[in-house]
Amino acid sequence: MIRFIVKRLAAGVVLLLVISLLIFVGCEMLPGDVAQIMLGQSASPENVAALRAELGLDQPAPVRYLAWLWGICHGDWGVSMTSRQPVSVMLSERLSNTLTLAGLTTLVSVPLALLIGMVLAVHKGTRLDRVGTIVIVGLCATPEFLVATLGVLVFSIHLRWLPAISYVTPGSGVLTLIKSMLLPLATMTIIVTAQLARMTRAVVGNILTQPYVETARLKGAGSVRVITVHALRNAIGPLINIIAMNVAYLISGVVIVETIFAFPGLARLMADSVQARDLPVVQACAMIFSASYIGLIMVADIVAKLFDSRKEPGASA
Amino acid sequence: MMPHQTPTLFKSLFRPTLLSVVVALLLLVAFVVLAAPLLPLHDPDAFLSSDGFVPPSGEYWLGTDFLGRDLLARLLSSGRVTLGMALLSTILAHLIGDTLGLLAALRGGWFDAVVSRIVDVVLSVPKIIAGLVVLAVTGPSLVAIVVLTAVVYAAGVFRISRALGQDLIAQDFITVARARGEGNRWLLFGEMLPHVVMPLTADFALRLSFAILFMSGLSFLGLGVQPPMADWGGLVRENLDGLQIGSWAPIYPALSIAVVSVLLNLFVDGLQEREKKEGGV
């Protein structure tokens, strides 16, 4: 088991290094000189040369890649090309906002989705299942911005209950904070819950058709007992994997939702920086998102392995 | 596939099942979007009223957009952009993914190993993040968007077609064909392809809905199709301010995306249901 964990960790680190290299090389291919762009066309050659030296652009690319990587490991993400602020300062407040939004979404949607998925799986083939499945499939195929715009139209414009834009200013009361987060949170929760419930239904439905579940039923176990004792234990592995996979939906959802509600989060920062072509910020955001994605999938793999009763513990994958 | 299945397929398409209704609706959407220039509609680019967000009326069925252009005409013309680009990139994704996937299953060895590792890397980056980085570098050109979408989804297609291919390789008819001395090209197109057409069709429809959502998302962020051209995602973005005055202008394009995407998903579900019933390949 320890060997598996070490192997999986190493694979994750290698993957992250490859991705960092891709991000770096990709941004290298950008036409034009960064220092020239920053200073504008009218800048004197001396100034441009000075800035190039200051940014370390006069170094060869491999050296700059290693310097960038070294900086990341020490929390130094470079300097923004548009605001001239250290990227780490720009990241810190945004990161906590996005983490709050993503964390709360996970906290609400995971239990909700597991419950819905299991109920549908148990009642497979009934009218409840059919209606529920159509609703879920519909929601899975719905873009975030439809849910979000309908939410704004109903709750902020017609009912005037919630603000359409969530400016989270430090020092505002808890109630304002909750109110301004409610619509983004609801949008994210609806989308993620639907995805997760759809997969939960499939996984649990599959397990319920297995012979050992049939045996448990024949021995007289009630459906609650069958689900909790027999099916769930074997579903934990695949379910945890699915939850981790849903982080992908969470990430793409977060980009759209933060834009609609002008929520000051990391994804919004990244989308803005792409438009401004502020590469150090784009690189930093891409690395954070990729690292969290890879990290979560890795943890999910390890946990799934821990709960997999079919394979012998210690056997390598 | 057994010969007696053809009449069932034919019949089942014309029986009023959910599947045939879904197919009919998809064809209707395609027809309306394609025939839009021939329909008696306003010019999608003409500024018809001096105010933006005119409410729906007999003159403007869905009202006007933020610049006073007819929303219905714009909805249909931008639908052509959305569906056209998504279709193009999904076709590309399948051409790349299926060829590489089946070849990897057939040849194995270093080819399989190398392509599989590349696909692992592509799949380990969230798609929207990969998209943002690529578009930050290339800028939002139509070619960049289509190629980006194709490559991002080709990775998933590769996984599926490789798995399908590996299932086939283990079966006798491939071994027999190999023993007959058939080359890789015949094995690929003559023996394997006919057996994976159905599952790959289902995957194609699913990927198409993903591609529509992905491209609309990029355009919504202002990184996809650029004005004056617009797709459905761009239409949502342009008219987002209308929400503040209660206009439905951003809702219609968002709803269109949802409708097409739901129809495609129902199509896939119906296809798989039918496969199961008839115990297909």
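Modeller: Accessible area is computed by the Shrake-Rupley method with a 1.4 Å probe. The model before us is predicted. By this method, chain A exposes about 16000 Å².

Biologist: What makes a residue count as buried, and what percentage of chain A does so?

Modeller: A residue is called buried when its relative accessible area is under 20%. Of the 317 residues of chain A, 45% count as buried.

Biologist: What pattern does chain A follow along the sequence?

Modeller: The pattern is α-α-α-α-α-α-α-α-α-α-α-α, and the chain has 12 helices and 0 strands.

Biologist: What percentage of contacts in chain A between residues at least 6 apart in sequence join residues at least 24 apart?

Modeller: The share is 71%. A pair is a contact because its heavy atoms lie within 4.5 Å.

Biologist: Which residues of chain B does UniProt list for "domain: ABC transmembrane type-1"?

Modeller: The unreviewed entry lists residues 79-268. This span of chain B is 81% helix and 0% strand, and its end C-alpha atoms lie 21 Å apart.

Biologist: How do you know whether helix H8 (residues 184-220) of chain B is straight or bent?

Modeller: A straight helix of 37 residues would span 54 Å, whereas H8 of chain B spans only 44 Å between its end C-alpha atoms.

Technical notes:
Residues numbered from 1 in each chain as written. Chains lettered and ligands numbered in written order. Predicted model: local features only at pLDDT ≥ 70, side-chain atom pairs only at ≥ 80, totals over all residues. Heavy atoms only, no water. Helix = DSSP H or I, 4+ residues; strand = E, 2+ residues; numbered from the N terminus. Buried < 20%, exposed > 50% of the residue type's maximum accessible area, 1.4 Å probe, protein only. UniProt positions renumbered as here; feature names shortened; annotations may be inferred. Expected span 1.5 Å × (residues − 1).
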